[in-house]
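Good morning, and thank you for joining. I would ask you to look at the structure with me while I go through its pocket, its helix packing and its sheet.

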Amino acid sequence: QNEVAEMVSEFAKRRDVIVERLNAISGIRCLKPQGAFYVFPNIAALLNKTAKGKSLKTPCDLADYLLEQAQVAVVPGEDFGSNEYIRFSYATSLDDIEKGCKRIAEAVKMLQ
């Protein structure tokens, strides 16, 4: 059971870091989830912006942009019935979460 407790603690740290880092990015609002290993932030403020001459009208457009520009894979909210959210997994290392959030922040700064 010690291993389970360690895993729970580690995932709580990862969750807290990704929520904090995403909320620090202008246009992203992220609530702290109570379970699983996903966050589902609201990205409505980032929609209808332009990146590299292309309008980002949907979460799918934003997901494509983040994959191309920030090299971060997310799941668009349309897959879950939402047109204002995307899903991030934090089932990765803290280092990767930090790097990914930093790249996302830089990519979002480029939106017009």
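Let me begin with the largest pocket. In this predicted model, 17 residues line the largest pocket, and those nearest its centre are Val72, Ala73, Phe88, Ser89 and Thr92. Its volume is about 240 Å³. Two elements, strand 5 and helix 3 (94–109), each give two or more residues to the lining. Helix 3 supplies the largest share, namely six residues. By residue class, the lining comprises 10 nonpolar, four polar and three charged residues.

Helix 3 also has a packing partner. Helix 1, residues 2–23, packs with helix 3 at an angle of about 10 degrees, and the two axes are 10 Å apart. Angles under 35 degrees count as roughly parallel, and therefore helix 1 and helix 3 are roughly parallel to each other. On the side of helix 1, the contact involves Glu10, Lys13, Arg14, Val17, Ile18, Arg21 and Leu22; these meet Leu94, Ile97, Glu98 and Cys101 of helix 3. The residues of this contact divide into six nonpolar and five charged, with no polar ones.

Strand 4 pairs with strand 5, residues 86–89, over two bridges in the antiparallel sense. Within strand 5, Ile86 stands opposite Pro76.

How values were computed: Residues are numbered from 1 along each chain as its sequence is written. This is a predicted model: local features need pLDDT of at least 70, side-chain atom pairs count only at pLDDT 80 or more; totals for chains, interfaces and linings use all residues. Side-chain values use heavy atoms; hydrogens and water are left out. Two strands pair if DSSP finds at least two bridges between them. Helices (H or I, at least four residues) and strands (E, at least two) are DSSP runs, numbered from the N terminus. On a 1 Å grid over the protein atoms alone, a cavity is a set of points where a 1.4 Å probe fits but cannot get out, and a pocket is an open set with protein on both sides within 12 Å along at least five of seven lines; lining residues have an atom within 4 Å of a point. Grid points are joined across faces, edges and corners, and a volume is the space filled by probe spheres set on the points. Ala, Val, Leu, Ile, Met, Phe, Trp, Tyr, Cys and Pro count as nonpolar, Asp, Glu, Lys and Arg as charged, and the others, Gly among them, as polar. Axes are lines fitted to C-alpha atoms, for helices over the stretch in contact, and angles run from 0 to 180 degrees between N-to-C directions. Angles under 35 degrees count as roughly parallel, over 145 as roughly antiparallel, 65 to 115 as roughly perpendicular and the rest as oblique. Contact means heavy atoms within 4.5 Å.
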